[in-house]
Amino acid sequence: MMKKCLALIALGLGTAFSLPSLAQTESKVQQVQPQEQGIWIDVRSPEEFSQGHLSGAINIPHNQIAEKISQLTDDKSAPIHLYCRSGRRAEEALGQLKAMGYTNLTNHGGYQDLLEKGYK
């Protein structure tokens, strides 16, 4: 009987220490931010975009951003979120938009990084 009690206690302690606590789970949920409001632009090529992109994102390749942004908005303070594969092309697009007077711009880096952060 004593062996069974010790075994059950050991099993219970092992389970308690191996499962994440509710506080740990809640902190992970709080770290995943909802997708920010605004215009989301994927500046990768149409081929890359067709292989996967964030829901609601619009594809404008980085080398066409200056000529096509006005089709989306003329509001120079509208929140515009940019991403690509690694962040390099998004940074180029951000620079072009900034030179055109757009002020509320964010380079979110790479598509895979955004997926890992909980964006969809």
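Buried here means under 20% relative accessible area, with exposed over 50% and partly exposed in between (1.4 Å probe, protein chains only). Strands (E, at least two residues) and helices (H or I, at least four) are DSSP runs, numbered from the N terminus.

The model is predicted; local features need pLDDT of at least 70, side-chain atom pairs count only at pLDDT 80 or more, and totals for chains, interfaces and linings use all residues. Residues are numbered from 1 along each chain as its sequence is written, and side-chain values use heavy atoms, with hydrogens and water left out.

**Strand partners**

I looked up what E1 pairs with; two strands pair if DSSP finds at least two bridges between them. E1 and strand E3 (residues 80–84) pair in the parallel sense over 4 bridges. Aspartate 42 stands opposite tyrosine 83 in E3. E1 also pairs with strand E2 (residues 58–59), in the parallel sense, over 2 bridges. There, isoleucine 41 stands opposite isoleucine 58.

**The Ile41 side**

I listed the contacts of isoleucine 41 (heavy atoms within 4.5 Å). Leaving aside neighbours within four places in sequence, isoleucine 41 touches Ile58, Ile60, Ile65, Ile69, Leu72, Ile80, His81, Leu82 and Tyr83.

Next I checked nonpolar cores, which are sets of buried Ala, Val, Leu, Ile, Met, Phe, Trp, Tyr and Cys residues joined through side-chain atoms within 4.5 Å. The largest has 15 residues, and Ile41, Val43, Ile80, Leu82 and Leu97 have the most contacts inside it. E1, E3 and helix H5 (88–99) each give two or more residues to this core. H5 gives the most, with 4 residues. Apart from this core lies another, of 8 residues, among them Trp40, Ala57, Tyr111 and Tyr119.

**The Trp40 side**

I searched the whole structure for aromatic pairs and found 3. Rings of Phe, Tyr and Trp (its six-membered ring) pair if their centres lie within 6.5 Å; planes under 30 degrees apart count as stacked, over 60 as edge-to-face and the rest as tilted. Tryptophan 40 and tyrosine 83 form a tilted pair, 6.4 Å centre to centre with 55° between the planes. These two residues are 43 residues apart, in strands E1 and E3. Trp40, Tyr83, Tyr111 and Tyr119 form one aromatic cluster.
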